[in-house]
There are 2 protein chains.
Amino acid sequence: MTSPDRFAALWRSLAPIGRTPQGYQRLSWTAPDLECREWFAEEAADRGLRVETDGNGNLWGWLGDPAAGDAVVTGSHLDSVPGGGGYDGPLGIVSAFLALDLLAERGMRPRRPVGVVAFTEEEGSRFGVACLGSRLLTGALAPERAATLHDRDGVTLVEAMKSAGVDASMLGPDPTRLSRIGTFVELHIEQGRALAVPVGVASAIWPHGRWRIDITGQGNHAGTTRMADRHDPMLTFAYTVLAANKEARLQGGHATVGRVGVEPNATNAIPSRVTAWLDARAPDRSTVDSLIAAVSARVTERASRDGTAVAFTPESVSPVVDFHAGLRDRIAALLGGVPVLPTGAGHDAGVLAGHVPTAMLFVRNPTGISHAPEESASDVDCAAGVEALATVLGELACR
Amino acid sequence: MTSPDRFAALWRSLAPIGRTPQGYQRLSWTAPDLECREWFAEEAADRGLRVETDGNGNLWGWLGDPAAGDAVVTGSHLDSVPGGGGYDGPLGIVSAFLALDLLAERGMRPRRPVGVVAFTEEEGSRFGVACLGSRLLTGALAPERAATLHDRDGVTLVEAMKSAGVDASMLGPDPTRLSRIGTFVELHIEQGRALAVPVGVASAIWPHGRWRIDITGQGNHAGTTRMADRHDPMLTFAYTVLAANKEARLQGGHATVGRVGVEPNATNAIPSRVTAWLDARAPDRSTVDSLIAAVSARVTERASRDGTAVAFTPESVSPVVDFHAGLRDRIAALLGGVPVLPTGAGHDAGVLAGHVPTAMLFVRNPTGISHAPEESASDVDCAAGVEALATVLGELACR
């Protein structure tokens, strides 16, 4: 069994990269991301894996010849959100390498090709599209669309890849590579407080939508405009935040307003415009729709009282992902009946699930904090995650 | 009498400077501000005024020798808020030149020195301190503090003045210059809908405070964090906006939250911190204090329910300014009993009022919109404003 100390040793070799007092800054194709990729290549090579970068910038390490097909692939991503935690993504990669070590020590030789993958830009934090690498691989994102992506400084994805020395001429679907994967398993830190034991298995990813809410009013002087004469979009915005929270609680979903833009954003000016983004998720699509409908109705009514105008625009809506039921049940039984639970977070596994039998393992998150520097898991739980992943890979690849 | 056409003709010569589709951009010491200053110098010279720039960058045009003392000074400012209107400030300067034209046409020769002034950075939009030029002149702002001011790009006030070719070595109080002013009269567009006739006289400037509100929570994942586990500072912020609005209505003041900063400001992240600025004004200081106390109590209670922490920090609190009662009554009578009204907006006249007898004339604002591109006044009302100012200057300087 992997000891917590052994987990901690490999973890320490990756942990300093991109770490700042404000959390991890591992945006794709930036210097810390490239350093993480070097780390991946070295760890893979140390284990005898053949390393390659595909046309979408995803990193692969192969044991055996993937051309043989029916490969068992595990992995996750190395990139972080700005100011993120260290576990979201990298835990799945570190655990993959350590699980292969366990199989080797136990003399278990894979009968199927085994791959470890690090998908590019899972967080969408630099170019704005979550699961960028896996979406390009599977064709869920068209290469024409990818060619238009750029970061906040105007650097395009293609330019960023080129400046990292990566061929960007092959962006797009890769059905040959995809067809060689027989099973995909992603290990990931759990991101709420939904897991009371060290390891669990995913049932589904909640449907998820993002709406942009444009609220327009009348910019004016904060000192001289009578309260009764105002058309203040900040009031409508504030009501939106509280209404979304209330409806999410009532309807059993999650709703968050985490991003807002204000014009002109001056202390002594009633704003002329407030733009907000509403993130809504729930166990099923009808609840998401019902939640948005309720918030929209409440906010529209409020806007009429504030003398403002409001418009809801869906920016992305993802359907529910149900992971492969047979694989899920087989893994849960193999691990001694661990909990089976859904998640509100998107993952590369959710993208792969539409194409190959896919499963996810979760490792307990004691505080429930994620996408923040305080994100953490204990070395003991992480070691249990490695053991579980080794058990799954052994069952799938070595029998 | 100044005809509306005559007003419009001089207005048109200034109007194009710094005008954009998003409103006026005349921040101090930027190119549009320098162009406005050139316009001032030319108009003043055309009227035989001697133009000088004082050590704080304020522009003066003199008829007669100010060293004689007991001067009658009128004027306002040329700078705008970002995306502001054209009238706030420049109306007072244009009206001053046209009022001098009227006096000359009527053969009225000043017995006292007469000055037209354009104060620097009244809006505080570039360097963050409102009434910067008049505060420096009167000593209300220490030159040591002014030396630390910089704009959002890090350019200091001193650097900005130098690059405009203005000597910045004399920043600070100028008691000699101040002592030469016997009376100051500022004409300004009214900024609410408080004036139903073309011209009015100011009674007072409401006390005014700005508070920074720091709300800290726990950054987290928008998709996975259970509603019950959240410590979301955006909720506390939203409640603050609505509570400030409600208390202002209840207590008869004005309260505005026009500026907010969110960290990390990402669609899929519960924020870790929200910083808001609350602008509060009321007819008297006790109402401002009571308003802030009520908002603070409500928000603190709400924060305890949201699991967030909140801190109110006063950034500036200005006391009430009562304009010189004798001068106010004399002007109101002279103009045939025009309305006398307070304002919620700060002005250079409010800074001068602590040092010399000071009055303000207001010109009707039909929409009540200010600090926005829609700010406007009719040429007919503006011409009436010029006539009123000429009457006042004639009474004060020529008798």
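Q: Leaving aside its neighbours within four places in sequence, which residues is B:Arg302 in contact with?
A: In this predicted model, B:Arg302 is in contact with A:Leu242, B:Leu235, B:Thr236 and B:Tyr239, once its neighbours within four places in sequence are left aside; contact means heavy atoms within 4.5 Å.

Q: Before I go on, what are the ground rules for numbering and for a predicted model?
A: Residues are numbered from 1 along each chain as its sequence is written, while chains are lettered from A and ligands numbered from 1 in the order in which they are written. Since this is a predicted model, local features need pLDDT of at least 70 and side-chain atom pairs count only at pLDDT 80 or more, whereas totals for chains, interfaces and linings use all residues, and side-chain values use heavy atoms, with hydrogens and water left out.

Q: Where does B:Arg302 sit, then?
A: B:Arg302 belongs to helix H9 of chain B, residues 285–306; helices (H or I, at least four residues) and strands (E, at least two) are DSSP runs, numbered from the N terminus.

Q: Is B:Arg302 buried or exposed?
A: B:Arg302 is buried, its relative accessible area being 14%, where buried means under 20% relative accessible area, exposed over 50% and partly exposed in between, with a 1.4 Å probe and protein chains only.

Q: Switching to chain A, how many helices and strands does it have?
A: Chain A has 12 helices and 17 strands. Its radius of gyration is 23 Å, close to the 21 Å from the globule rule for 399 residues, so chain A is as compact as a globular protein of that length; the radius is taken over C-alpha atoms, and the rule is 2.2 Å times the number of residues to the power 0.38.

Q: What does the C-alpha trace of chain A span along its principal axes?
A: The span is about 80 × 45 × 40 Å. Of the 399 residues in chain A, 61% are buried, and among contacts between residues at least 6 apart in sequence, 78% join residues at least 24 apart.

Q: How many residues of strand E5 in chain A are buried?
A: For E5, residues 71–77 of chain A, 7 of its 7 residues are buried. In a regular strand the side chains alternate between the two faces of the sheet. Here A:Ala71, A:Val73, A:Gly75 and A:His77 lie on one side and A:Val72, A:Thr74 and A:Ser76 on the other, and all are buried.

Q: And which strand does E5(A) pair with over 6 bridges?
A: That is strand E6 of chain A, residues 114–119, which pairs with E5(A) in the parallel sense, with A:Phe119 in E6(A) as the bridge partner of A:His77; two strands pair if DSSP finds at least two bridges between them. E5(A) is also joined by 4 bridges to strand E7 of chain A, residues 181–189, again in a parallel arrangement, and there A:Val73 stands opposite A:Phe184.

Q: Backbone check: which peptide bond in chain A is cis, with omega near -5°?
A: The bond from A:Glu263 to A:Pro264 is cis, and A:Pro264 is in the loop between strand E11 (254–263) and strand E12 (269–270) of chain A. In chain B, the bond from B:Glu263 to B:Pro264 is cis, with omega near -5°.

Q: What about phi of A:Cys131?
A: A:Cys131 has a positive phi of about 55° although it is not a glycine; A:Cys131 is in the loop between E6 and helix H4 (132–138) of chain A, and counts as buried at 3% relative accessibility.
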